[in-house]
Amino acid sequence: MRSLRMPAVSGFDEMIGPASEVRSHYAGYHDWLLRQDSRDLQRKRKEAELQFHRVGITFNVYGEDSGTERLIPFDTLPRMIPAREWALLERGAIQRVQALNLFLHDIYHDQKIIRDGRIPAEQVFGNAQYQPCMQDVDLPNQVYSQISGVDLIRDGEGTWYVLEDNLRTPSGVSYMIENRRMMMRLFPELFAQQTVAPVEHYPSLLLETLQHSAVHSHPTVVLLTPGRFNSAYFEHAFLAQQMGIELVEGADLFVKEGFVYMRTTAGPQRVDVIYRRIDDAFLDPLAFRSDSMLGVPGLLSVYREGKVVLANAVGTGVADDKSIYPYVPEMIRFYLDEEPILANVPTWQCRRDNELKHVLARLPELVVKEVHGAGGYGMLVGPAASEQEIEQFRQRLLAAPDNYIAQPTLSLSTCPIFVDEGIAPRHIDLRPFVLSGYDTRVVPGGLTRVAMKAGSLVVNSSQGGGTKDTWVLEDDPC
Amino acid sequence: MKLSIRHSTEYRYSELVQHSTQYLRLTPRPSPRQQILSWEMDLPEQAERASDGYNNILHVLTLDRPHQEIRLAVKGQVEITDEDSEDADQRLSPLVFSRFTALTQPDEALLELAGRQPQLAMPARLERLSETILEEMPFSPGATDVASSAAQAYRGGKGVCQDHTHVFLACCRALGMPARYVSGYLYSQDSEHVASHAWAEVWRDDSWHTYDVTNQTCRPRHHLKLAVGLDYMDACPVRGVRFGGGVESLQAVARVRQSGSPDSQ
């Protein structure tokens, strides 16, 4: 490949600037790319696919035929972030997660933010994700969300925004680690050429975070999975293996005399910390959904007495709910007395009459989301929707305005991916993983998700999105 | 009024149960309305005492040796004082009790029921609602089961105290009024009447007010409260999960008598 041809970019591209110039932090990579034979690159793409199949990194897709396992498309062109820019994102993500943890502690204790009139009481207590069983329960270090995924996007100008916070059971970190391993295997010369901040230590930081969340030292930590039919089962097995802890299902644990035990061949063993990848509703069939076969009967009673730690805590969903999202900047000011480093996407709350009117008048331009939805389901992307789809959504909105928020359609920045013709821009986002133990830390980078279809803004892996390795360049050439 | 309570619940299984865990809400919490003079539980094994999110007293019973029956017995004496409203428990926001649950989700028919008599002012409107519910779904054991939702029971036009309470809760919440489920015991001179009982409390004027739809009373003079919650699932006296056991049969006997009366022995 002698020259680099890429279809025109309409918004902000991570690699190519507005005058078609290669951005300075991509200069080294670009030079390397020009020296490559396109057949070599093609071969490496095939090799990556083969390797991922062999390692077993697949993703179960709900709603398709049973047992459908799909490979998440992986693109070998890295998404790069200069050190200086990352420093800002890191501080912003940490600030945000600290405020969200303080918010959770507050609403489950004194509720100062509500008494101070910053957030309406009914927004919190009327929210199905507010768990009454957590009221006045004291948690070690007052940490609710030990593992948080903060989804970041950039608009057409390149400005960063937080799209949403994920404080329940954020997934995807295994792809961050595996993508890096794959890139190092395929292109070792690239890593010799420039300093890319490491991510491989994430499992040891995670284990440390989980251990720090326990009341006493040398705790027994386990990972609780819903089982192999869960879409993220690969990740559960991967993380447990990387951390050297037991991967357990609900039936492997039981509650007796006020503690949680794991069945082992050597008899019951007490469990101190459970990294649970099961939603609140399924954790304890005696307290939540009685039809849950995934949880541990009695778990909540032990948890409330402080005899076991759950990561993340029960009831974190009230803080990452889309109806609470508009209040996060206010939380940062209220708890930290700081201005938010990362901006929220402007959000209209359809439960407010005047905002609903505004939204209804501009449906074709907006993105409308279900307040409790996730995974890109139940949303309307106005500019991409047909007239009929917009009308259908209008009726749903009118029937239950409280269930929806709306945001302007942000174009999302693009980053080139390899396609058969060379390279082409595709929309991306970024999910850094924030760990909260004694202190709050972020592994440099995170998971970059890619909408593999040209023009598409949906990056969710459940809807055909792919991933890229994310490089935080340690020596900023700027 | 001094009441003495005896309540025994016996589960029998067609096959061996390998392991079972129960949440028991069989111990009343003392309050100015109800003074607990004595209370004893007789369980197959020692249970862990805890509390749940609604501040109910909870016992967690784990049986991890194979068993074919579980017998739970309680007895006690309490003194009920005649007071109009409950103490405001300020720990949990009453707004929590505005949310619908699977058992109290209103359908069209329940929304229509809730919307009746809009001209009536608030306490009167709720009393009218309570009357209407009992008229339209008379007390009839066996027509519903513990898993019936408010919408199902109302559609069937029959029910027991649990169904009356769920329908009432669904309507109150549809009207934007926080309302909660109460499970407990009821004293009745008519010994045929069920002693294990459920009723509702509605949050108005900064306190909880009783609405016993089944007995058409707002004065909980004969009511001993065991537990509160969003619905039956939160407040029920026994909730368990078992591994194995086959078919379950249940026998429950609850008797509430006035202490000092001739039949209290």
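Predicted model: local features only at pLDDT ≥ 70, side-chain atom pairs only at ≥ 80, totals over all residues.
**Chain B overall**

How does the radius of gyration of chain B sit against the globule rule? It comes to 18 Å, close to the 18 Å that the rule gives for 265 residues, so chain B is as compact as a globular protein of that length.

**How the chains divide into domains**

| Domain | Residues |
|---|---|
| Domain 1 of chain A | 24-215 + 306-340 + 410-473 |
| Domain 2 of chain A | 216-305 |
| Domain 3 of chain A | 346-408 |
| Domain 1 of chain B | 2-81 + 237-260 |
| Domain 2 of chain B | 94-235 |

In chain B, the C-alpha centres of domain 1 and domain 2 lie 23 Å apart. Their contact draws 17 residues from domain 1 of chain B and 16 residues from domain 2 of chain B. On the domain 1 side, the elements giving two or more residues are β1, β5 (67-80) and β11 (248-258) of chain B. That side of domain 1 is made up of 11 nonpolar, 4 polar and 2 charged residues.

Over in chain A, the C-alpha centres of domain 1 and domain 3 are 25 Å apart. Here 11 residues of domain 1 of chain A meet 10 residues of domain 3 of chain A. The domain 1 residues on that side split into 5 nonpolar, 4 polar and 2 charged.

**Where the two chains meet**

The contact between the chains uses 22 residues from chain A and 22 residues from chain B. Which elements of chain B supply at least two residues each to the side that touches chain A? They are β1 (2-27), β3 (48-51), β4 (57-63) and β10 (238-244) of chain B. By type, this side of chain B has 10 nonpolar, 6 polar and 6 charged residues.

**A covered strand in chain A**

Strand β23 (residues 466-473) of chain A is mostly covered, with 8 of its 8 residues buried. Strand β3 (residues 74-82) of chain A runs parallel to β23(A), and 6 bridges join the two. R79(A), for one, has T470(A) of β23(A) as its bridge partner. Strand β22 (residues 447-450) of chain A pairs with β23(A) in the antiparallel sense, over 3 bridges. There, R449(A) is bridged to T467(A) in β23(A).

In general, nonpolar side chains tend to be buried together in soluble globular proteins. In this model, the largest nonpolar core holds 166 residues, and V167(B), F168(B) and A200(B) touch the most other members. Helix α3 (residues 83-107) of chain A gives this core its largest share, 11 residues. Leaving out residues up to four places away in sequence, F168(B) touches L129(B), S130(B), I133(B), A200(B), Y211(B) and V213(B). There is also a second, separate core of 11 residues, which includes L366(A), V367(A), V371(A) and L380(A).

Conventions: Residues numbered from 1 in each chain as written. Chains lettered and ligands numbered in written order. Contact = placed C-beta atoms within 7 Å. Helix = DSSP H or I, 4+ residues; strand = E, 2+ residues; numbered from the N terminus. Nonpolar A, V, L, I, M, F, W, Y, C, P; charged D, E, K, R; others polar. Rg over C-alpha atoms; globule rule 2.2 N^0.38 Å. Buried ≥ 20, exposed ≤ 12 C-beta atoms within 10 Å, placed from the backbone. Pairing = 2+ DSSP bridges. Domains from an automatic or database assignment. Core = buried A, V, L, I, M, F, W, Y, C linked by C-beta atoms within 7 Å.
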